[in-house]
Amino acid sequence: MSHFALTIIGRDRPGIVSQVTEILYRLGCNIADSSCSILGGQFAMILIISHPDRTDRESFGDAFAPLEESGLSVFLRTLKPGGEKHPKMEGEICMISVYGSDKPGIVYRVTRELGERKVNITDLNTKLVGSEERPVYVMMIEAVLPPGVSEEEISGIMDGLKEELQVDISVRSITPVEL
């Protein structure tokens, strides 16, 4: 059984999920994992799919042409064996919340500190809220701390960034929930 990562991106409109999943259903694909989101006015969807006979991008032929003709961008990547499996992640799960006035570099500075400590970011969302006159930048990061790194250590590191970036940052442990 071959597995693929299918990514769909395009201007948001009703019916995209239905259009994509109808094609996959007619092809005989199984959807093993998926995530969808709207970023700005763009709809983004990524799916892990499998098929018993199709082995590479070329074996799908022009199956996704209707999506591209409707203005969507389609990317299909063949996964190496095991690439479809969710990795087992050991460690404490934390939510890192950042609020403040919008400015370049907030995501970079926070994620650089986490990356240097081998913290695995499993989810990251940013959004501007508030008014056009007083926008507030919000970033939410779900992360898995590696063994030997504590929530208190990350909280202390983020405290150092608060003044530099002039934002509010909080770190809290969360209980994992399996879907």
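**An aromatic cluster and a helix-covered sheet**

In this predicted model, Phe 4, Phe 60 and Phe 64 form one aromatic cluster. A search of the whole structure finds 2 aromatic pairs. Arg 54 lies over the face of Phe 60, at 5.3 Å from the ring centre.

Elsewhere in the chain, 4 strands form an open sheet in the order E6-E7-E5-E8, with antiparallel pairing. Strand E6 (120-130) and strand E8 (167-173) are the edge strands, each of which pairs on one side only, and the twist from one strand to the next averages 15 degrees. Strand E6 is joined by 10 bridges to strand E7 (residues 135-144), and the two run antiparallel; Val 129 stands opposite Val 136 in E7.

Two helices accompany this sheet. Helix H3 (residues 106-116) lies across strand E5 (93-100), E6, E7 and E8, and runs at about 20 degrees to E7. Helix H4 (residues 151-165) also packs on the sheet, where it touches E5 and E8, and the direction of H4 makes about 170 degrees with that of E8.

The buried residues of H3 are Ile 106, Arg 109, Val 110, Glu 113 and Leu 114. These residues cover an arc of only 130 degrees around the axis, which means that they are on the same side of H3. The buried residues of H3 pack against E5, E6, E7, H4 and E8.

Glu 113, which lies in helix H3, may be considered in more detail. Buried means under 20% relative accessible area, and Glu 113 counts as buried because its relative accessibility is 11%. When its neighbours within four places in sequence are left aside, Glu 113 is in contact with Ile 157, Met 158 and Leu 161. Just after H3, Lys 118 takes a positive phi of about 60 degrees.

Notes: Residues numbered from 1 in each chain as written. Predicted model: local features only at pLDDT ≥ 70, side-chain atom pairs only at ≥ 80, totals over all residues. Heavy atoms only, no water. Pairing = 2+ DSSP bridges. Axes fitted to C-alpha atoms, helices over the stretch in contact; angles between N-to-C directions. Contact = heavy atoms within 4.5 Å. Buried < 20%, exposed > 50% of the residue type's maximum accessible area, 1.4 Å probe, protein only. Arc of directions from axis to C-beta. Phe/Tyr/Trp six-rings, centres within 6.5 Å; stacked < 30°, edge-to-face > 60°. Lys NZ or Arg CZ within 6 Å of the ring centre and 35° of its normal.
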